[in-house]
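Q: Can you take me through this structure in plain terms? I will ask as I go.

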Amino acid sequence: MINRGPILAIETSCDDTCAAVVENGKIRSNVISSQAAAHAGFGGVVPEVAARHHLELAGPVVEAALAEAGTTPADLEAVAVTTGPGLIGALLVGISTAKALAWSWQLPLIEVDHLHGHVAANFLEPDPLEPPFLCLVASGGHTQLAAVTGYDGYELLGQTLDDAAGEALDKAARMLDLGYPGGPVIQRIAADGDPEAFDFPVGMRGSDSLNFSFSGLKTSLLYTIRDLGDEETEKRKPDLAASYQHAVVEQLTGRLERALDSRAGGEDWPAVALGGGVAANRPLRERVREICDRRGLEMKLVPMQLCTDNAAMIAAAAAYLPVTPLPDYLPVEAAT
Ligand code: KG4
Ligand code: ZN
């Protein structure tokens with residue numbers, strides 16, 4: 001670890017306003033202010049609404065993170081911030097806050113890639129996972145497979161070509177009139193349904209790539225609902241939810257297995273880590289557990305508050321990244 005002292009990290013790439021203090025891999029505070037309620041009525045995150053909420057919440061969330069950690073700015077080694085990818089207006093609020101605080105405290109800044117943060121959540125105490133490992137991150141904003149061979153970065157093996165896995169679940173829930181966010185409610189309703197009742201397409205099944213695609217699945221649900229009609233759709237919601245969820249899980253785990261089969265050099269990946277909000281999905285966890293058990297691999301699942309967006313993971317990545325001294329970071333912009 002190159003930055004061992006306390007790092008204050010700020011994360012505002014989507015709809016959670018987050019700040020955390022992490023010291024030498026240990027979380028001293030991890031404050032997350034969720035805006036989910038502000039976006040629920042829209043069936044998804046509204047970028048402008050997210051940016052305005054971040055503006056109101058960033059100051060109090062940083063104060064809470066420092067207070068909970070029992071840290072003063074004078075104790076800090078650096079300020080870290082997510083610079084992308086994410087919603088441009090949302091990122092700008094976090095970056096401006098981080099630059100202003102770092103400047104006023106005369107501290108260096110560390111720029112962190114959001115997906116590196118999801119990978120680095122696995123480095124945190126009390127049960128840190130050492131590279132190498134394969135990391136599947138699936139959330140409302142991203143779906144990616146990362147090869148992690150060191151602490152300071154990752155190699156992107158595959159990513160979604162259209163919707164993210166969580167977004168596909170959120171859009172399905174909207175089509176089925178189930179509310180937002182879609183993943184948890186689809187999982188709940190699917191428990192009473194048959195995952196094989198409808199033969200929804202598993203995206204990219206015939207392709208050799210490690211990328212993902214969920215748009216065909218979404219369109220297939222749309223046509224199925226149209227063909228069934230309102231009354232039948234209502235009656236068959238559990239089957240529709242179970243079959244749709246099954247197609248999502250099949251695609252995620254199919255790519256994961258392909259990545260496990262194709263590690264360069266023919267060596268096995270010793271461990272698989274899951275991240276992102278979709279990692280909460282029980283059928284997904286069960287399938288990944290089955291794959292890991294069959295292959296004799298370690299399966300790592302960080303606690304849920306570290307799977308979803310948070311700033312502790314950003315600080316965890318920052319610990320291994322170069323610092324930018326004052327005033328060199330003043331021109332830093334969002335990298336979307
Ligand atoms: O990581 P996250 O909290 O926020 C970002 O998108 O970055 O992920 C939220 C996503 C939503 O799309 C939500 O529907 C999905 O994670 N999700 C789930 C479950 N819980 C949350 N998807 C499937 N099963 C769940 N139990
Ligand atoms: Zn994320």
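**Loops, helices and a metal site**

A: Asp177 is placed in the loop between α5 and α6 (182-190); helices (H or I, at least four residues) and strands (E, at least two) are DSSP runs, numbered from the N terminus. This is a predicted model, where local features need pLDDT of at least 70 and side-chain atom pairs count only at pLDDT 80 or more, while totals for chains, interfaces and linings use all residues. Residues are numbered from 1 along each chain as its sequence is written, chains are lettered from A and ligands numbered from 1 in the order in which they are written, and side-chain values use heavy atoms, with hydrogens and water left out.

Q: Is Asp177 buried or exposed?
A: Asp177 counts as exposed, because its relative accessibility is 67%. Buried means under 20% relative accessible area, exposed over 50%, and partly exposed in between (1.4 Å probe, protein chains only).

Q: And what is its phi near?
A: The phi of Asp177 is near 60°, which is a positive value in a residue other than glycine. Asn24 also has a positive phi, near 50°. Asn24 sits in the loop between β2 (16-23) and β3 (26-34) and counts as partly exposed at 31% relative accessibility.

Q: Let's switch to the metal. Which residues are the protein donors of the zinc ion (ligand 2)?
A: They are His114 (NE2), His118 (NE2), His142 (NE2) and Asp309 (OD), lying 2.1 to 2.4 Å from the zinc ion. Donors are N, O and S atoms within 2.8 Å of the metal (3.2 Å for Na, K and Ca); water is not among the atoms, so sites may look incomplete.

Q: Why is the arrangement irregular?
A: The four donor atoms around the zinc ion subtend angles of 92 to 167°, which makes it irregular. Four donors count as tetrahedral if all angles lie between 85 and 135 degrees; four count as square planar and six as octahedral if opposite donors are over 155 degrees apart and all others between 65 and 115; anything else is irregular.

Q: Where in the chain are His118 and Asp309?
A: His118 is in helix α4 (residues 114-120), and Asp309 is in the loop between α10 (304-307) and α11 (312-318). This pair links distant parts of the chain, 191 residues apart. Both His118 and Asp309 are buried.

Q: Now helices. How far apart are the end C-alpha atoms of α7?
A: Helix α7 (residues 215-235) has 21 residues, and its end C-alpha atoms are only 25 Å apart, short of the 30 Å that a straight helix would reach. The expected span is 1.5 Å times one less than the number of residues.

Q: Where is the kink in α7 centred?
A: The kink is centred on Gly229 and is about 115°. The bend at a residue is the angle between axes fitted to the seven residues ending there and the seven starting there.

Q: What do the buried residues of α7 pack against?
A: They pack against α5 (165-175) and α8 (237-261), with contact meaning heavy atoms within 4.5 Å. Among the buried residues of α7 are Leu217, Leu221 and Ile225.

Q: What about the span of α8?
A: The 25 residues of α8 should span 36 Å, and its end C-alpha atoms are 36 Å apart, which agrees. Of those 25 residues, 20 are buried, so α8 is largely enclosed by the rest of the structure.
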